2 protein chains.
Amino acid sequence: MRYELYYWPDIQGRGEFIRLALEEAGADYADVARGRGGTAALTKLLEGSSSARPPFAPPMLKAGKLVIAQTANILLYLGQRHRLAPAGEAGRLWANQLQLTIADFLVEIHDTHHPISSSLYYEDQRGEAARRAGFFLKERAPKFLGYFERAVAGNGGKFLAGAKLSYPDLSLFQIVAGMRYAFPRAMARFEKNLPRVKELHDAVAARPRIKAYLASKRRIPFNRQGIFRNYPELDAR
Amino acid sequence: MRYELYYWPDIQGRGEFIRLALEEAGADYADVARGRGGTAALTKLLEGSSSARPPFAPPMLKAGKLVIAQTANILLYLGQRHRLAPAGEAGRLWANQLQLTIADFLVEIHDTHHPISSSLYYEDQRGEAARRAGFFLKERAPKFLGYFERAVAGNGGKFLAGAKLSYPDLSLFQIVAGMRYAFPRAMARFEKNLPRVKELHDAVAARPRIKAYLASKRRIPFNRQGIFRNYPELDAR
């Protein structure tokens, strides 16, 4: 079966968490919106009022007859199918729990540059963004990152869930990469207290399929349209 | 098995989505933090560094040896166990997808009064809150609510997922109740276009176990410490 991923073509965004899982799984997939006529296909799937189970927003994954939306939900599905999640119920719930905490963190990362509205430009909410980013770097980012450090430690020091790689590890890699891009000065300081998270990031980056993916054109570079944005004025001094 | 729910004792908050599912299931549970010494027990479970699978934040549900966190994850677990979710995989994924979209909506509802930081009082972010709430009521709330109206319609007009009640229905009931409390003027206008969502709300409220729960002291009233807050200056004019 060839999967079809539907996500905005010019940003990593939430789609990247799906791409990383598909790549690590060696799955056959089309990144539909990045192909010819792809954005129209995405819009059609998103607005298709005929669907009995409409998606609210991308990413969406077509898997045969299924159309699945919500990042953590897609990963729940892929994780079981491609051995990217623990086999038992307790482990699967733990992986899902971690992924939902990553999702919460991601919303707070996004809202540092868009604290008022996603429909406004950053430039129209700069003052509020500076204020929110200050609290984010002082309180929230260290709390989330410290939590993942403890979670890796509690699981034996190498992975987040079980004795081998699972999809939240891939997502945590992406969080570290994104935080380094968006907040390089703050992240350098945080990482002094995150030895296990750093090692996990490096171990994911070195996996053959992920390494090949990151070096390919399939990996969209970080940019200022995505969730992680580098605005030096929002970073630590 | 007696469940133990751990959530802040003075607000409905995210814990309410779990309470509604436990109540509808007729499950045996303790609302631990509302009992004597309960907040200390909650703090202990939350900060228990000994745990190999630490929770990031309440709500947490103890189910035998399992400690499950993240609202949608707890509901995924309870839904399967108590026939509050569709039986098949496609239906279960759909229920989870809906619940995650409700979770996204809830974050945006919360951030109308706390757009800068949860560690500040509302009074210290009133200007930003007014600005964010304006966009929320103009763009986001109608988008989310309209989506759920379409989802109920697409599923036959009575429930969100399948031919009978499932946990996202209980959560959508709570969203409607909360929106009516927090934004009574705006919500009255929205509801003119939400006939099916209104009917679903009423049908949930009339279910015998939910009706008894809502009339009991186990149901904490809405208040200005929770996620849904009534600040008339943030509502529509």
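Residues are numbered from 1 along each chain as its sequence is written, while chains are lettered from A, and ligands numbered from 1, in the order in which they are written. In this predicted model local features need pLDDT of at least 70 and side-chain atom pairs count only at pLDDT 80 or more, whereas totals for chains, interfaces and linings use all residues.

We begin with how the chains are arranged. Chain A is superposed on chain B by a rotation of 180° with 0.0 Å of shift along its axis, and the RMSD is 0.0 Å. This is the relation of a two-fold axis. The C-alpha of A:Pro115 is the one in chain A nearest the axis, 3.0 Å from it. Superposition here is by least squares on the C-alpha atoms of residues with pLDDT of at least 70 in both copies.

Next comes the contact between the chains. Two residues are in contact if their C-beta atoms, placed from the backbone, lie within 7 Å. The contact takes 36 residues from chain A and 36 residues from chain B. On the side of chain A that touches chain B, at least two residues each come from β4, α3 (71-81), α4 (89-113) and α5 (126-154) of chain A. Helices (H or I, at least four residues) and strands (E, at least two) are DSSP runs, numbered from the N terminus. The largest share of this side, 9 residues, is supplied by α5(A). By residue type, the side of chain A that touches chain B has 19 nonpolar, 11 polar and 6 charged residues. In this count Ala, Val, Leu, Ile, Met, Phe, Trp, Tyr, Cys and Pro are nonpolar, Asp, Glu, Lys and Arg are charged, and the others, Gly among them, are polar. Of the interface residues of chain A, 100% are also interface residues in chain B, so the copies meet through the same surface.

Within chain A, 4 strands form an open sheet with mixed pairing, in the order β2-β1-β3-β4. β2 (29-31) and β4 (66-69) of chain A are at the edges with a single partner strand each, so one side of each has no neighbour in the sheet. From one strand to the next, the twist averages 20°. Two strands pair if DSSP finds at least two bridges between them. Strand β1 (residues 3-6) of chain A runs parallel to β2(A), and 3 bridges join them. In this pair A:Tyr3 is opposite A:Tyr29 of β2(A). Helix α1 (residues 15-25) of chain A packs on the sheet and touches β1, β2 and β3 (60-63) of chain A, with its direction at about 160° to that of β1(A). Axes are lines fitted to C-alpha atoms, for helices over the stretch in contact, and angles run from 0 to 180 degrees between N-to-C directions.

Chain B shows the antiparallel pairings. There, 3 bridges join strand β1 (residues 3-6) to β3(B), and the two run antiparallel. B:Leu5 is placed opposite B:Leu61 in β3(B). β3(B) is also joined by 4 bridges to strand β4 (residues 66-69) of chain B, again antiparallel. β3(B) and β4(B) form a hairpin with 2 residues between them, and B:Gly64 in the turn has a positive phi of about 65°.

Helix packing can be followed in chain B as well. The axes of α8 (residues 195-206) and α9 (residues 208-215) of chain B come within 5 Å and cross at roughly 80°. α8(B) and α9(B) are therefore roughly perpendicular to each other. (Angles under 35 degrees count as roughly parallel, over 145 as roughly antiparallel, 65 to 115 as roughly perpendicular and the rest as oblique.) B:Val204, B:Ala205 and B:Ala206 of α8(B) make the contact with B:Ile210, B:Lys211 and B:Leu214 of α9(B).

A cis peptide bond with omega of about 0° joins A:Pro58 and A:Pro59, and A:Pro59 lies in the loop between α2 (38-47) and β3 of chain A. A:Gln70, in the loop between β4 and α3 of chain A, has a positive phi of about 75° although it is not a glycine. A:Gln70 counts as buried, with 26 C-beta neighbours inside 10 Å. B:Arg83 is not a glycine either, yet has a positive phi of about 55°. B:Arg83 is exposed, with 12 other C-beta atoms within 10 Å. A residue is buried if 20 or more other C-beta atoms lie within 10 Å of its own, exposed if 12 or fewer, and partly exposed in between, with C-beta atoms placed from the backbone.
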